[in-house]
Amino acid sequence: MGLKRTFHLLGSPPTVYRLAGLLGPWVGIGAVILIAAGTYGGLVLAPPDYLQGDGFRIIYVHVPSAYIGLMAYVLMAVAAAVGFIWHMKIAHAVAVSAAPVGASFTFLALVTGAVWGKPMWGTYWQWADARLVSELVLLFLYLGVMLLRASFDDRDKGDRVSAVLAVVGVVNVPIIHYSVEWWSTLHQGPTIAQLDTPSITMDMLVPLLTMIAGFTLCFAWLILKRVQAEILDRESRARWVEQLVTGASA
Amino acid sequence: MSHVSGATLAVKNVEIARGERRLFAGLDFDLASGQLALVTGPNGAGKTTLMRTLAGLRLPSAGSVSYGDVPVSRIARGLTAPIAFQGHLDGLKKDLTVAENLAFSAALWGGEGEMDALADELGLEDCLARQVRFLSAGQRRRAALGCMRLRPATLWLLDEPLTNLDTRGAGLVAAWLDAHLERGGSAVVATHQPDKLAGRAAIEVDL
Amino acid sequence: MSVFTSMLERDLRLAMRRWSEFATPLIFFVIISSLFPFALSPEVAALRAAGTGVLWIAALLSSLLALDGLFRTDMDDGSMEQLILSPASLGLLVFAKICAHWLVSGLPLILIAPVLALSFYLPPESLPTLMFALLLATPTLSALAAIGAALTVGLRSGGTLIGLLVLPLTAPVLIFGTRATDMAVHGESALGPLYLLGALAAFSLSLAPLASAAAIRVSVE
């Protein structure tokens, strides 16, 4: 009973809009605190690495970004699937919101990965690094979903067709990841080193986990804001939106 | 062609929207077996969209359509096919002959029927071995109706079936409808020329 | 005759009558492969090193091209609606279409590939493995291209988008296919990658009909 009612409430645009508005500030504040703490811990508290010196500190941005990038894709696929199966517009709104945010985090992961790799490889990119290459493919998958949706004039069709692509993509991500990893091991010369997190100690781990938590809250805040905007856009003709807009300006 | 009669097409509070535009709302009617419903209205009123919704190809933006207590969208996806839909497009492969198109349709729908007798009825005896792309518009329409005729369906949904047909062809469609209704089947026909089929219609929907 | 066989027969018959549509991807395969020496170098060593990669990329691209119109003509003449409304399972019908398409475009590609491989100075002993690898890989490529075709069938300029959507998904096939060929070129047993190609084929052939059917139903509305 409780579950069904929750499901119903979650399908109601005004409810979700207000809920997102209520949660937003808390999530945002939490994100700021955690990221600040994590940054301090990572830049100041954690000792320099034996092998990589201070260069490894970029992992405090790179690892959380990569993790969020992947998690966002799964979220997008699940939301899109829910929207497809149960015809829930809110679920599609979440999927639409997750895509550009996830893509941005993935891009950030690629850029920070390149920055991390430069001192070690001498170049900004290394094809033999399986993780970076997998992230690149993930970015392509994101772009595919976003472009496909944008190509449809009919918003509803666009939502549902890109939902199919999102699910096909999420199913393929592990396959692609493992084949790329296998491929990179074939061509590992002794000089090429993977971006390896140094052997982790507690003082390194705690800030990292803090950053991951902080990034997750940051992602959540961005999603909440975007979902609110999506809802307003999709429900622009509804009365509650009118009241919201005129009420605010009254 | 076996028929199972008795199923009712129940249209409840149906609202049709095309994109953002709402075409009409609150459509309500029940079509019992043996009955014909005529759908009329100007261009753009939503006749074709309504027909496609009745066929289960799309969902109405509000309300429900069910045939024999099963939602038509589920019937469309399912492995039974009591509904035959003939839309604006012929649904024929133009690189196949009339005979090949008829045979494929029969194979897909598990229908039977005498191909030659059907071709005679349709006036296509000479065209059986000709590829559809060499046929005139009227001949294609008749071939398409022939494919539909082979299907063991109890509900016929015809969107402007008389297009491109001459008087003989239109008479044939009317005769088929009569026979179909007599056997216990039901039909919904969207048309610009209601007078050709008037008098048979139990329900008239004017959009 | 079963529904699968009827559908297969229909599409094969259509392919025979529109053979130009099916010859194009094959010719594309040959032309693309032939352009690479101009871009790389005509030297034996260079081409032998690049040959495997070139052939597989060319096979990939022509598979995509071949399946572009898989669903479009059916959508345009209204036969797709009838397929959806028929009592047959749409997934099964799509699977039959993919099979028919593979028979007409994938199979000839496999037969021509050895000729092109020799032109890239790949050793003749590697040819059977190359062909077998292509035999296992082309069904996957057809399946993935079919998904792309189904996703874009409702779009006017769909054809150009298919590549972007599908190519990232073909990375595993490319990886294992080229690996199998390379191993054969060096005289090693390529059983490992071949097994993996087979697994990918089984997986994608079961996924593609479902995904394509779902996308087609949305597009036909």
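**Before you start**

This is a predicted model: local features need pLDDT of at least 70, side-chain atom pairs count only at pLDDT 80 or more, and totals for chains, interfaces and linings use all residues. Residues are numbered from 1 along each chain as its sequence is written, while chains are lettered from A and ligands numbered from 1 in the order in which they are written. The predictor gives the complex an ipTM of 0.92 and a pTM of 0.91. Colour chain C by confidence: its average pLDDT is 93, and 100% of its residues score at least 70.

**Stop 1: chain A**

Select chain A. It holds eight helices and zero strands. Helices (H or I, at least four residues) and strands (E, at least two) are DSSP runs, numbered from the N terminus. The C-alpha trace of chain A spans about 65 × 40 × 35 Å along its principal axes. Of its 250 residues, 43% are buried. A residue is buried if 20 or more other C-beta atoms lie within 10 Å of its own, exposed if 12 or fewer, and partly exposed in between, with C-beta atoms placed from the backbone. Now look at contacts (C-beta atoms, placed from the backbone, within 7 Å). Among those in chain A between residues at least 6 apart in sequence, 80% join residues at least 24 apart.

**Stop 2: the parallel sheet of chain B**

Move to chain B. Five strands form an open sheet in the order β6-β7-β8-β3-β9, with parallel pairing. Two strands pair if DSSP finds at least two bridges between them. The edges are β6 (83-86) and β9 (203-206) of chain B. Select β3 (residues 36-40) and β8 (residues 186-190) of chain B: four bridges join them. One bridge to find links V39(B) with A190(B) in β8(B). Axes are lines fitted to C-alpha atoms, for helices over the stretch in contact, and angles run from 0 to 180 degrees between N-to-C directions.

**Stop 3: the antiparallel sheet of chain B**

Here four strands form an open sheet in the order β2-β1-β4-β5, with antiparallel pairing. The edges are β2 (21-31) and β5 (70-71) of chain B. Two bridges join β4 (residues 62-67) of chain B to β5(B). Pick S66(B): its bridge partner in β5(B) is P71(B). Then show helix α1 (residues 47-55) of chain B, which lies across β1 (9-18), β2 and β4 of chain B, at about 130° to β1(B).

**Stop 4: the core**

Show the largest nonpolar core, of 201 residues. Such a core is a set of buried Ala, Val, Leu, Ile, Met, Phe, Trp, Tyr and Cys residues joined through C-beta atoms within 7 Å. M76(A), A95(A), I83(B), L157(B), A146(C) and L197(C) touch the most other members. Centre on I83(B). Beyond its neighbours within four places in sequence, its contacts include A55(B), L157(B) and L85(C).

**Stop 5: where chain C meets chain B**

Finish at this contact, with 21 residues from chain C and 23 residues from chain B. On the chain C side, α1 (3-17) and α5 (79-85) each supply at least two residues. The largest share, six residues, comes from α1(C).

Technical notes:
Contact = placed C-beta atoms within 7 Å. pLDDT = per-residue confidence, 0-100.
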